[in-house]
Amino acid sequence: MQYEAVIGLEIHAQLLTETKIFCGCSTTFGAEPNTHSCPVCIGMPGVLPVMNRKAVEYVVRTGLATNCTISAYSRFARKNYFYPDLPKGYQISQYELPLCEQGFVVITVEGVRKKIGLTRIHLEEDAGKNIHDGAVSESLIDLNRAGVPLMEIVSEPDLRSPQEAVAFVRKLRTIVRYIEVCDGNMEQGSLRCDANISIRRPGEKELGTKTEIKNMNSFRFIEKALEYEIKRQTKVLGEGGRIVQETRLWDSARGVTESMRSKEEAHDYRYFPDPDLMPIEFEKSWVDDIRKNIDELPDARQERFITQYKLPEQDAVFLIAEKAVAEWLEQAVSLGGDPKTVSNWVQGELTRLLNEENLSVEQCLVKPKHLVEMLELIDKGTISGKIAKTVFEEMFRTGGEPRAIVEDKGLVQMSDEKGIETIVDDVLNRNADAVERYKSGEAKLVSFFVGQVMKETRGKANPKIVNELFRKKLN
Amino acid sequence: MDIEHLAMLAKLNLSDEEKALFAKQVGSVIDYIGKLNELDTSQVEPTAHVLPIKNVFREDNIQDSLPRDKAMHNAPRKDENYYRVPKVIE
């Protein structure tokens, strides 16, 4: 039986403020445990929270960047539950009247664009960290993270496949990084994602019973966990069973989702408006100021790359995903690089080497001007396109200038026709049988001959001249 | 109001006698507050805050945190770096 998946996501993004949401403690990641806490964030009696203006502005900035309506009036609520990482016994969050509502983002999957609705974006405080060290019989609590501002983005159940879900998270990550409100680091947990997922027969209007999937801390795990869960639910229904509404944890080591078996009925958060925090009213001028601080957004940049640089959509989608990569390309183009050629190098060698070394483009030693200078060397025929890869890799390892590398390593292209001809003749003489086969119709042997010359000259022979010589001599 | 549900949310273990006693006491409190239902509030905005104050903010400036030993001073169980609590794994 074929089923259709219906997926909605909840994304938690830590905001890049200097201080916590309700107190002046630092939010720096990786500090010594329990050194960033104060009476407010460890829930001492009698203390009062005061809202960090920047945290509110960052959420509104995100709302504006995702086509949301900014609420004219917004307030905060207490979500009551007991857990050791939550010092007050309640989390300050939002229930009714969140900061932003009814937005959307556009994703592209396999060339098809799709609008994904956002139900709401609200602001809340993060909890502390529990450490369950196998060797210790108790849990350890670090409250440095307690009170770090957290933005929760809730999507509509508009996603229909794990691939769409991943594209959606990628898009939101790109946006929050562009507008500099969250670093988007999934490994460190500054961007986290939970999913609600159910399945139904195609064409059916009503939603099936959903499960909530947690603990998917990478794009790959989101895809794998949702694929697994769709298979699991399909199997349950196929065997005539019923889906149980529950929370399931993704176990990446075993590649399965597993029921948390917690008492679901135990959750009763008894939300009520927090009397310690005053409501927020947005004057139009304040929202306008926040809007003014938003630079070009990823979608606009994508369109511009297509119209201004005449790049294929596929290139543009790739290039804009990381702001720093897009800016790297723009610099190279402004220095005279051909957009499509630069795009190919960025998507090819640059990305390959960055991934190999696990570096970001900001850490990269090759600067846009180095690439442009190298491309000029290709255009002038000083080096071949093949040798350029060697030059590029050398620039990547050492940060050297392309001209200096070409001279030091003796990589200048061999364009002396007489010299190349000697080698070409030599290759033909040594491979008389291949020449026979070529003449009897094996046209693809040309690349074998060219390869032999390249081997002989360590890639330096001008490929254009080599090809011409072979054509002349063999026909 | 289910007194067992309430006790569970408050992480309290109640004896049967206590359950009966508290059910009666909580019940009478709720009945008393129920008097408010006699008022017609259909034309009244729900009051979330009693003071007419809005937009109270602090700027995003770092202030000193508590030294760790001070912050953890009252913790019943701790080590050098962490609070220690009974194992919690959901």
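The model is predicted, with local features needing pLDDT of at least 70 and side-chain atom pairs counting only at pLDDT 80 or more, while totals for chains, interfaces and linings use all residues. Residues are numbered from 1 along each chain as its sequence is written, chains are lettered from A and ligands numbered from 1 in the order in which they are written, and side-chain values use heavy atoms, leaving out hydrogens and water.

Let me begin with the helices, which are DSSP runs of H or I with at least four residues, as strands are runs of E with at least two, both numbered from the N terminus. In chain A, the axes of H13 (residues 432-439) and H14 (residues 445-456) come within 10 Å and cross at roughly 150°, the axes being lines fitted to C-alpha atoms over the stretch in contact, with angles from 0 to 180 degrees between N-to-C directions. That makes H13(A) roughly antiparallel to H14(A), a term for angles over 145 degrees. Contact here means heavy atoms within 4.5 Å, and among the residues making it are Tyr438(A) of H13(A) and Phe449(A) of H14(A).

Finally, Asn67(A), a residue other than glycine, has a positive phi near 60°, and with 39% relative accessibility Asn67(A) counts as partly exposed.

Key. Parallel < 35°, antiparallel > 145°, perpendicular 65-115°, else oblique. Buried < 20%, exposed > 50% of the residue type's maximum accessible area, 1.4 Å probe, protein only.
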